[in-house]
Amino acid sequence: MIMTEEMIIAGFGGQGVLSMGKILAYSGIMEDKEVTWFPSYGPEMRGGTANVTVIVSDNRISSPVLHEFDTAIILNQQSMDKFEKAVKPGGTLLYDPNGIVKPPVRKDINIYRIEGTKAAIEMGNPKVFNMVVLGSFLKVKPILKLDNVEKGLEKSLPERYHKLIPLNLEAIQKGQEIVETVQTVEVEV
Amino acid sequence: MGELRLMKGNEVLAEAAIRCGCDGYFGYPITPQSEVMETLMERQPWNETGMVVLQAESEVAAINMVYGAAGSGKKVMTSSSSPGISLMSEGISYIAGAELPCLVVNVQRGGPGLGTIQPSQADYSQAVKGGGHGDYKMIVLAPSSVQEMNDFVDLAFELAFKYRNPSMILADGAIGQMMEKVELSDYKERWSDEEVIEKSGSWATTGKPSSRERNVVTSLELDSLKMEENNNRFQEKYRRMEAEEQRYEAIQCDDAEYIFVAFGTSARVCQKAVEIAREKGVKVGLLRPITLFPFPKTIIGELAKDVKGFLSVEMSAGQMVEDVKQAVFDAGIIRPVAFFGRMGGIIPTPGEVVEALEQKLLKEKR
């Protein structure tokens, strides 16, 4: 079965959106996949919106720019307004309810909720938030093996941060445990 | 197999320059290509290969440093983004007039003027028709992936030295900023002066031996008859490039009834549009020019015989479409050539491209 996963990760700058995408992309390389990581770039600074398109595929990747996605990982309200409608029918939306005032309403997609902000604070390090979310994504869409994600972390983090890898893996584990299913839909074949 | 990495297009460009034995980089920072010089400064290749990396005081200074170093037979380059390339255009014309090899990289952003820092392809005409003054051409390569940002550096230098002519890599902000898996090239030694002479003759100012006259590197020739002779030689060289160097990639063109023509980021978008259109039962192919000059007009002429029409897709108001039309016309065939594009830093989506195909070509035909 040929796999292609087209996803958007969107939230505030500073939430680790871009680095989460980068770790996913590196993990894809570790699993011999083709990968593309395409960020929104611009004058935005911390606190502004940031998003990244990540494509992981068994095949050569065509467009880095997409109008619809298999998965949207949404981490703030602005991104919800923009990307809920861009999920393919039957696709997946994963969101952190922190700061979300209008939860998703689509009935034709799978929706999962992850209390990532809360979990990261409970773990004593809000910076691992993005890894909690990554963990929950990999739980609902196991497109990559966890060993390869670990290798991806090693590759994408500078060596001086390698001591933080166990904490990051713990965060991924946490995300896998606490992700909640809001709704699932039958996939049309 | 070379080393596999996840890197940005801009970073790869810097790495490829070091690895292909580039002697010098002279540049001035501008978004969205600042990572080129940032990566070079971080890598400090002067310690490793002896490559010089210098931040000039302006783009005008940078291109004239390239001019000077190229005159000594060195493998040298610069990179910038659209407004910076406009500033460099005078120098590029001089380099073309003095028949020197060099590499200029343009990671395009939206214009005109300072415009935007988002990706664009609106410098196509500037690149292929000559942005500076006089009848000159550059060899223009258009990468559409991070891997090609690696591969085309070496190729651009090879062609520059083969023809003693400036080469340009015409990328855009998206190719520069995105990260993909890339297989880096192996290291090549930098050339010595002796190797330069052996490879490309003794035109360079490497020091005058008693065995020959001094080499003069200049674009100036006040005798009009001689200047016309120079121009004839340039034109003959450009025709030779057109005969020998047309490069392209044809994707699903064999059974295609319609052809997208697109380069760089637009070509990637169109590849997806081909998939979508074929799912809808429309037989579409993609012709991706890799050299923008020389433009792959031969293949377009051949394809024109079998297809019902072309759609040129660009991130501009429609510049390459003129060359597609010309190629079809030169083949003596009448076929509709339509255009679709977005401007100002917007990348068209695959869905928009398919819609444009339906509206501009399919509607009239069915």
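Modeller: A salt bridge here is a side-chain nitrogen of Lys or Arg within 4 Å of a carboxyl oxygen of Asp or Glu. Keep in mind that this is a predicted model.

Colleague: Fine. How many salt bridges are there between chain A and chain B?

Modeller: The count is three. In one of them, the side chains of A:E6 and B:K272 meet, with N to O at 2.5 Å.

Colleague: Which elements of chain A give two or more residues to the side that touches chain B?

Modeller: Those are α1 (17-30) and β2 (34-39) of chain A. The most comes from β2(A), which gives six residues.

Colleague: What is that side made of, by class?

Modeller: It has 13 nonpolar, six charged and five polar residues.

Colleague: Back to β2(A). Does it pair with β8(B) in the parallel or the antiparallel sense?

Modeller: Antiparallel, over two bridges, with β8 of chain B covering residues 179-183. Within β8(B), B:M179 is the bridge partner of A:W37.

Colleague: Now the overall interface. How many residues are in contact?

Modeller: Chain A has 24 residues in contact with 27 of chain B.

Colleague: What area is buried between them?

Modeller: About 2,200 Å², and carbon and sulfur atoms give 61% of that.

Colleague: Which three residues supply more than any other three on the chain A side?

Modeller: A:Y41, A:R60 and A:S62, which supply 30% of the area that chain A buries against chain B.

Terms used: Residues numbered from 1 in each chain as written. Chains lettered and ligands numbered in written order. Predicted model: local features only at pLDDT ≥ 70, side-chain atom pairs only at ≥ 80, totals over all residues. Heavy atoms only, no water. Contact = heavy atoms within 4.5 Å. Buried area = accessible area lost by both parts, 1.4 Å probe. Helix = DSSP H or I, 4+ residues; strand = E, 2+ residues; numbered from the N terminus. Nonpolar A, V, L, I, M, F, W, Y, C, P; charged D, E, K, R; others polar. Pairing = 2+ DSSP bridges.
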